[in-house]
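User: I have a structure open and want to go through a few spots in it. Can you take my questions as they come?

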Amino acid sequence: MGVYLNSTTAYTLYKNEVEKPYFVDKSQMLEQLFPLVSNGNNHICITRPRRFGKTVMANMIAAYFSKACDAEGIFKDLKIAKSELYNKYRNKFSVIHISFNDVVARCTSYEQYIGRIQERLIRDLKREYPEVQFYGEMDVVDILIDIYAENPEARFIFVLDEWDYIFHQDFVTEKDKKSYLQFLRSLLKDRPYVLLAYMTGILPIAKYSSGSELNMFLEYTMITEERFSEAFGFTNTEVDMLYERYLKTNENIRVTREGLKEWYNGYHTYSGERVYNPRSVVSALGNNNLGNYWTSAGPYDEIYYYIERNIDDVRDDLALMISHISVSAKIQEYAATSMNLQTKDEIFSAMVVYGFLSYKNGKVSIPNRELMEKFADMLQKEPSLGYIYRLAKESNRMLEATLVGDTDTMIEILELAHDTEVPLLHYNNEVELTAVVNLVYLAARDMYRIEREDKAGKGYVDFIFYPEIDRTADCIILELKVDHTPEDAIAQIKEKKYALRFAGKLGETKRYTGRILAVGISYDKDKKKHYCKVEVLS
């Protein structure tokens, strides 16, 4: 068998995936491809952030369709086996499967990169079709055309994974990118030997293919198209299933279902369905520990790369998003391909495409705790972020002052807000005060699970701090007021019995045993002054 043509690589990799303890069966996606293969000459491109299952699905498609080997042992127990067309399409086709991120260490030029791909594919084709006469030095497209001319039954399914990988490589020039697009166009567009071209990537093809190079592709993104969305990312139902599997196979349970939601949920399909980052969920359950898995491969600089393009324009919105407040944005996915991002919308568009932000109903937000920690890390390390950086740097001192009731220090830190003339800090409403308070308690996230607008007692509390590292630590209930006193805030905490949130259910062991602190923070718009009060409730 070949390296690219009818290779057993996809079969082996997908078989390994199926045998993993936290495998999720998404094979029903194949049914959507059957009519495309039957009709022929179809081209689709799936774009998703990294680690959202693109490669797993590409391997599944190649393993199922390719006649390289019988994959009945893999698929007979999966959902696709229930399809009436299951046997008609299984392992009946010649598949050319190329992972474009497969680059050898010695590759230093585009010519080496594309030359290696063409050389290997030509070798595969000549081995597979020895009866066809080839003359002289021939391009891979010419060879495919000659094969089809002599054998009209010789038609191929192309599975091309990470098509945009080379656009991120230092050795690729702008001229090389145009040559690459022409290579894909020549290989796939209006070619009778193409049954289906299934392509994946992170970036949308629209910007790269500004002319007609790749306009034969129908593109399916997380933001603009519902079709195929169920195949990428884990739904709530799927995570429930995996968590039940986790409970049955682990004696020392350290991961909670709520923790999975807090850490890895927060993305949305075009229809609005919430999805989890699949790699992170599987890693957390496999390692029996919640943590940064998807983002651990890259430093916070990866996020800062986009923000630094126009810090002044995005700074206030960043402060709001850190406070779990969504902000309006006009998302244009193709903007992510630009190396010269200028406007706020372009910057947020790129961050959505790469998975750093989530998008729903015209607004962007930080999707989950996994990403929130990366943003928080950045805020405390980048002086160029101005007042956000200064407030975040004070967050350790703010928490310490709150725990000992040092309201003078708390007020001093909040007054740092007046070192700037940023509109956010005009405090026209409690949303803006909420953003600042969130920043000055940023360091508390290391010890506490902080919930905003959480249901407690007879209402919803502005902030509630659950001690997750040490359950004997102080619990904090924080209420904000504009043009009211901190005493009014604490009176509301008592009147609405927010402290019941820490009591637990009847008959259960109390989860939190530390003191419960009521914290009132207010701002007087006329006097432009902050006021604080801390009271021990129990």
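**Pocket, backbone and cysteines**

Analyst: Go ahead. The second largest pocket has a volume of about 980 Å³. Bear in mind that this is a predicted model.

User: How many residues line the second largest pocket, and which lie nearest its centre?

Analyst: The lining of the second largest pocket has 34 residues, and R51, F52, G53, V56 and R279 are the ones nearest the centre.

User: Which helices supply at least two residues each of that lining?

Analyst: Those are α1 (9-18), α3 (54-65) and α12 (278-287). The largest share comes from α12, with five residues.

User: How does the lining of the second largest pocket divide into nonpolar, polar and charged?

Analyst: There are 17 nonpolar residues, eight polar and nine charged in the lining of the second largest pocket.

User: Where is N288 found, and is it buried or exposed?

Analyst: N288 is in the loop between α12 and α13 (301-307). N288 counts as buried because its relative accessibility is 11%, and the cut-off for buried is under 20%.

User: What about the phi of D483?

Analyst: D483 also is not a glycine and has a positive phi, of about 60°. The loop between β13 (475-482) and α21 (486-495) holds D483.

User: On to cysteines. What does the count of disulfides come to?

Analyst: The count is zero disulfides. C475, for one, is in no disulfide: its nearest cysteine sulfur belongs to C532 and is 20 Å away, and a disulfide needs the sulfur atoms within 2.5 Å.

User: Is C475 buried or exposed?

Analyst: C475 is buried, at a relative accessible area of 0%. C107 is buried as well, with 11%.

User: Last one, K20. Where does K20 lie?

Analyst: K20 is in the loop between α1 and α2 (29-39). K20 counts as partly exposed, since its relative accessibility is 45%.

User: And how far is the C-alpha atom of K20 from that of V282?

Analyst: The two C-alpha atoms are separated by 9.7 Å, while K20 and V282 are 262 residues apart along the chain.

Note on methods: Residues numbered from 1 in each chain as written. Predicted model: local features only at pLDDT ≥ 70, side-chain atom pairs only at ≥ 80, totals over all residues. Heavy atoms only, no water. 1 Å grid on protein atoms, 1.4 Å probe; cavity = no way out; pocket = protein on both sides within 12 Å on 5 of 7 lines; lining within 4 Å. Points joined across faces, edges and corners; volume = space filled by probe spheres on them. Helix = DSSP H or I, 4+ residues; strand = E, 2+ residues; numbered from the N terminus. Nonpolar A, V, L, I, M, F, W, Y, C, P; charged D, E, K, R; others polar. Buried < 20%, exposed > 50% of the residue type's maximum accessible area, 1.4 Å probe, protein only.
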